[in-house]
Amino acid sequence: MASGIKVEKKAFQFFDEEFKKKHKYKFLIFELNKKCTKVVLADTEAGDKKANPTYEDFVKALCVENSPRWGVMDYEAKKKDGAILNKIVMFSWCQDTAKVMRKMLHGSTTNTVKGKLNVEVCFQASTIGEVDESVVKAYYNL
């Protein structure tokens, strides 16, 4: 069931222009605004390629205590045959300890975010272990 909450136009344009087209960011973090009426950008600084962000930086920016978020990352890794895998991966972060209303809205908005950002795969995570890079590597058989 969809929540009716949409991705803020400004946030989508930033994702489309700065992340997808210009490749200025390794990752972006999205969240519901305080009124829970739209999805907004929560963090752009941590994922700026000028700062040379790592996967650990992505986890730190995404996994904020009791704060459901979505993170998209330009993931790059070497395959077993030596070729380079380059995919945009998305994580939906929502701890069991988050407020019930936020969890419900987050869960019912995840498909909207995934669809708007045109992301193929979305990993669901409620613990740090579920955001570990090994999850992505296992999915892509790396």
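## A salt bridge to start with

Let's begin with a charged pair: Asp16 and Lys21 form a salt bridge in which the closest N and O atoms are 3.4 Å apart. Lys21 counts as exposed, at 52% relative accessibility. Please keep in mind throughout that this is a predicted model.

Another pair to look at is Lys24 and Glu18, whose side chains also meet in a salt bridge, with 3.4 Å from N to O. Here Lys24 is partly exposed, at 40% relative accessibility, whereas Glu18 is buried, at 16%. Salt bridges with shared partners also tie Asp16, Glu17 and Lys21 together in one network. Over the whole structure, a search finds 7 salt bridges.

## Glu8 and its partner Lys38

Now turn to Glu8, which lies in the loop between β1 (6–7) and α1 (9–21). Which residue forms a salt bridge with Glu8? The partner is Lys38, and the closest N and O atoms of this pair are 3.7 Å apart. The bridge links distant parts of the chain, because Glu8 sits in the loop between β1 and α1 while Lys38 belongs to strand β3 (residues 38–43), 30 residues apart.

Is Glu8 buried or exposed? Glu8 has a relative accessible area of 18%, and the cut-off for buried is under 20%, so Glu8 counts as buried. Lys38, at 33% relative accessibility, counts as partly exposed. If you set aside neighbours within four places in sequence, Glu8 is in contact with Lys38, Val39 and Val40. As a general point, side chains of opposite charge can pair when their charged atoms come close.

Next, have a look at the strands. β4 (residues 69–78) and β5 (residues 84–93) pair in the antiparallel sense, over 10 bridges. Within this pairing, Met73 stands opposite Val89 in β5. The two strands, β4 and β5, form a hairpin with 5 residues between them. In the turn you will find Gly82, which has a positive phi of about 95°.

Strand β5 also has a parallel partner: 4 bridges join β5 to β6 (residues 122–125). For Trp93, the bridge partner in β6 is Ala125.

## The two sides of helix α2

Helix α2 spans residues 55–62, and its buried residues include Tyr55, Phe58, Val59, Ala61 and Leu62. Why do these residues lie on the same side of α2? They cover an arc of only 165° around the axis, and this puts them on the same side of the helix. On the other side of α2, Glu56 and Lys60 are exposed.

What do the buried residues of α2 pack against? Their packing partners are β2 (27–32), β3, β4, β5 and α4 (133–139).

## Aromatic rings

Finally, the rings. The structure holds 10 aromatic pairs. Ring pairs link Phe27, Tyr55, Phe58, Tyr75, Phe91, Phe123, Tyr139 and Tyr140 into a cluster.

One more ring deserves a look, that of Phe12. The charged end of Lys116 sits over the Phe12 ring, 4.4 Å from its centre.

Definitions and conventions: Residues are numbered from 1 along each chain as its sequence is written. This is a predicted model: local features need pLDDT of at least 70, side-chain atom pairs count only at pLDDT 80 or more; totals for chains, interfaces and linings use all residues. Side-chain values use heavy atoms; hydrogens and water are left out. Buried means under 20% relative accessible area, exposed over 50%, partly exposed in between (1.4 Å probe, protein chains only). Contact means heavy atoms within 4.5 Å. Two strands pair if DSSP finds at least two bridges between them. Rings of Phe, Tyr and Trp (its six-membered ring) pair if their centres lie within 6.5 Å; planes under 30 degrees apart count as stacked, over 60 as edge-to-face and the rest as tilted. A charge sits over a ring if NZ of Lys or CZ of Arg is within 6 Å of the ring centre and within 35 degrees of the ring normal. A salt bridge is a side-chain nitrogen of Lys or Arg within 4 Å of a carboxyl oxygen of Asp or Glu. The arc is that of the directions from the helix axis to the C-beta atoms.
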